[in-house]
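This report describes selected helices and strands of one protein model. Please keep the sequence and the 3D view at hand while reading.

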Amino acid sequence: MKKNDFYFAQLTDIHIGTNPKPADAKLQFQWALSELQSFENTPEILLITGDLVCNGRRDELEEFKSVIKDCTIPWRALATNHDLWGEKDDSAWRDNIGELRCSTVAGDFKFIMFNDITNRGDGWKVALEEADYQWLTDELESAGDKNIIVAIHNPPSSESHIYSRWSEKDAIRFLRLLAKYKVKALITGDYHVNDEWEREGVRIINTGAMVGMFYNGLGNFPLKPGYRIFHWDGETLRSFWREGSYWTLPPDKEKKQMYCADFPLYSLHKRQGLWWPIPLYERIQVTLTAFGNASTGGPHPIVRPMHVFGKTVIKADVFSQHLDIAAVEWSLDNEYWFPMTRVWKGIWQQYEAEFDPGSLRNGEYLCKIRATGSDDSKYYDVVPVIICGPRNAPRVKEEVFAGATQFCQTMLTPFD
């Protein structure tokens, strides 16, 4: 690892305990910890941003602690409604996890975490009081020359999310305080989806649920389980959503044990005459992450369609532990595939390509990303794209913006 490489990780919405599939929730948590500890460049700290358990009972918190007790990565966790509402007070949390708010220093960063969702007699919501702002201001002030990351549970919403526990007044005050101290990012959870946006000059990165779609058993959170890993090189803060359907159990390619991801949303191998289980340790994760500064959300099937008005840059993340990457390409029609250039390599890799819609008719397209492994196996991701043309561009500086979060059920195969 280069001297200026710094990794940290985030888990959120684990929901250990009394959900309809408690064994799955626990096992997914174990997988994430196992994989994070298996990396040669092990993260230097793990942040857990709320909803560690389902009903906030002491026995659930004890079960969480029993799973994480042997983790070799230093960790910090914040409490939220699911972690606190099962007992008459917060003593179970304090006995098993620690303080309700905390800060810690690792590398060139100061991490500040606190329980933003509280119940002061009128329901569970974000309602920061003057004492909260004073504590936060003191922590920000004492960071000195350290870079600052603030972690909470519920993010101040973007245009694509109407669900938020924040009042507009509190959200603006809170974000302007973070902007004043040049916070590198506000990292959050709660929504059970991935997204990124900027508000009041603050970069907000929201991470999907570790529990995936198993929280209530109904599948209304159709995102696979996973976690986020961050990289800092002294100038740029990068992040990557590691999707759980690619994990091995345990991460041992010789035993060929696997997570059997038999969900109909992913039918690539069925279309090729195969079906689960297959040795998932050989799979490559490829995710189309952004057009310019507009995040696609995701990964599939929860995406934000791209409205494109001019030249921009397509960005993709690729992860592979057991195969070399032979090529990464993009296409709008499956007939012509254009190369992407690797711009960064770490635990995962980042690729980019210039996208010029000038020669295309206005209308709806599907932009697809294809990663080819060294064994010629191919892996895909897809995001809807709406070419609008410069004459239809809104009065904004950007050449592209992301639409509201939606489901994109198109299968990730070369046949679509």
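The model is predicted.

Helix α5 covers residues 130–141. Its twelve residues should span 16 Å at 1.5 Å a residue, and the end C-alpha atoms are 16 Å apart, which agrees. Helix α6 covers residues 168–180 and has 13 residues. From its first C-alpha to its last, α6 reaches 18 Å, close to the 18 Å expected at 1.5 Å a residue.

| Helix | Buried residues |
|---|---|
| α5 | D132, Y133, W135, L136, E139, L140 |
| α6 | D170, A171, F174, L175, L177, L178 |

Seen down the axis of α5, the buried residues fall within an arc of 160°, so they line one face of that helix. For α6 the buried residues fall within an arc of 155° when seen down the axis, so they too line one face. An α-helix has 3.6 residues a turn, so residues three or four places apart point the same way.

The face of α5 turned away from its buried side carries E130 and E141, which are exposed. On the other side of α6, the exposed residues are K169, R176 and K180. Just after α6 comes K182, which takes a positive phi of about 55°.

What do the buried residues of α5 pack against? Their partners are the strands β4 (101–106), β5 (109–114) and β8 (147–151), together with helix α6.

**A parallel pair and its crossover**

Strand β2 (residues 46–49) and strand β3 (residues 75–78) run parallel and are joined by four bridges. Within this pair, L46 stands opposite W75 in β3. Between the two strands the chain passes through helix α2 (residues 58–68), and this β-α-β crossover is right-handed.

**A mixed sheet**

Further along the numbering is an open sheet of six strands, in the order β20-β19-β23-β24-β17-β25, with mixed pairing. Which strands stand at the edges? They are β20 (338–339) and β25 (400–402); each has a single partner strand, so one side of each is left without a neighbour in the sheet.

At the β20 end of this order, strand β19 (residues 325–331) and β20 run antiparallel and are joined by two bridges. In this pair E329 stands opposite P339 in β20. In a regular strand the side chains alternate between the two faces of the sheet.

Definitions and conventions: Residues are numbered from 1 along each chain as its sequence is written. This is a predicted model: local features need pLDDT of at least 70, side-chain atom pairs count only at pLDDT 80 or more; totals for chains, interfaces and linings use all residues. Side-chain values use heavy atoms; hydrogens and water are left out. Two strands pair if DSSP finds at least two bridges between them. A crossover is right-handed if, with the strands pointing away from the viewer, the path from the first strand over the helix to the second runs clockwise. The expected span of a helix is 1.5 Å times one less than its number of residues. Buried means under 20% relative accessible area, exposed over 50%, partly exposed in between (1.4 Å probe, protein chains only). The arc is that of the directions from the helix axis to the C-beta atoms. Contact means heavy atoms within 4.5 Å.
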